[in-house]
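Colleague: I have a model open and want to learn how to read it. Can we go through a few features together?
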Amino acid sequence: MKTSTEKILILAAYSIMAVLLFVVESIIPKPLPFMRIGLANVFILLILVHIDFTSALVVTLTKVIIGNLFSGLLFTPLVLFSLVSSIVSLAVMWALYKSRISFSLIGVSIAGALSHLLTQLVLGYFLFIHSSRIFALFPIILLIGLISGLITGILVIILYKNIRFNII
Amino acid sequence: MNRCEILSHFTLADGILIVFVIVAIIVSSIFVYKNGAESEYAIIEYNGQTENISLNKDQMISLENGMMIEVKDRRIRVKDSDCHQKICVKHGWLRYANDVIVCLPNKTIIYLKKKSDLDYITR
């Protein structure tokens, strides 16, 4: 698809919604910092399905940079977690969506949430805490990934039915 | 859109993925949370060094990285820390073996061990 004004407008609108949800989720108090639904992923997955991988990557990078700017974590080492895990999760979702295995959008979203959280766990092990004690978080992380993936997947299916772009 | 319509989107691959994740949750939690015995020793790991601390004596320990650790009534907690979100302080008291507090900004982990895991304590 060629770059058109409409495509730029759609990417801008979806990026803003992803950033907004990202910031709101960081403000809500929670017992663990990664205990979040990841609602921004709804818009990234919609762009991935409706347009293509590059556009979804643009929305992801915007979410990471602007979102972390607003939540005060940009220019800290913690932004690495957000950046790397968002890109890995996007790549996993794209691979599953394009693969021959018949995952629905719910399965793709669960895989995305799980790969996002597991990348953060592995990064935490290699960059910050060089101790296998950190893997005590493993069951909690799998549970959070499953629940948040289910929620975002159902939202994506509902929105996918109701949103149509003219440009595609 | 009603509930049945959403359920009809599930495929076999989704089901296998969900079942696999649930089995992984159960198996890994059995490994992680199997012993809940009260503990006598805490281990603090920071800056690549490891410290053993007895829980039998009430004391306050201040680490070089600005964390205050409090030991009281055979429990341990982070009383104060100079990190940004203070997740380690909000975590509260540790009492049972294998409980963990992690403070990422200070690169510190505190966890409890069973008595039998240690040969001796040096001070």
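Modeller: Gladly. Keep in mind that this is a predicted model. Let us start with a pair of strands. In chain B, B:Glu45 has B:Thr50 of E2(B) as its bridge partner.

Colleague: How many bridges join strand E1 of chain B to strand E2 of chain B, and do the strands run parallel or antiparallel?

Modeller: Six bridges join E1 (residues 41-46) to E2 (residues 49-54), and the two run antiparallel. Together E1(B) and E2(B) make a hairpin, with two residues between them. Look at B:Asn47 in the turn: its phi is positive, about 50°.

Colleague: Now helices. How do I describe two that pack?

Modeller: Two packed helices are described by the angle between their axes and the distance between the axes. Here, H5 (residues 105-128) of chain A packs with H2 (residues 12-32) of chain B at about 30°, and their axes are 9 Å apart. The crossing of H5(A) and H2(B) is left-handed.

Colleague: Which residues make the contact of H5(A) with H2(B)?

Modeller: H5(A) brings A:Ile106, A:Gly107, A:Ile110, A:Ala111 and A:Leu114. H2(B) brings B:Ala13, B:Asp14, B:Leu17, B:Ile18 and B:Val21. Eight of these contact residues are nonpolar, one is polar and one is charged.

How values were computed. Residues numbered from 1 in each chain as written. Chains lettered and ligands numbered in written order. Predicted model: local features only at pLDDT ≥ 70, side-chain atom pairs only at ≥ 80, totals over all residues. Axes fitted to C-alpha atoms, helices over the stretch in contact; angles between N-to-C directions. Helix = DSSP H or I, 4+ residues; strand = E, 2+ residues; numbered from the N terminus. Left-handed = near helix turned anticlockwise from the far one by under 90°. Contact = placed C-beta atoms within 7 Å. Nonpolar A, V, L, I, M, F, W, Y, C, P; charged D, E, K, R; others polar. Pairing = 2+ DSSP bridges.
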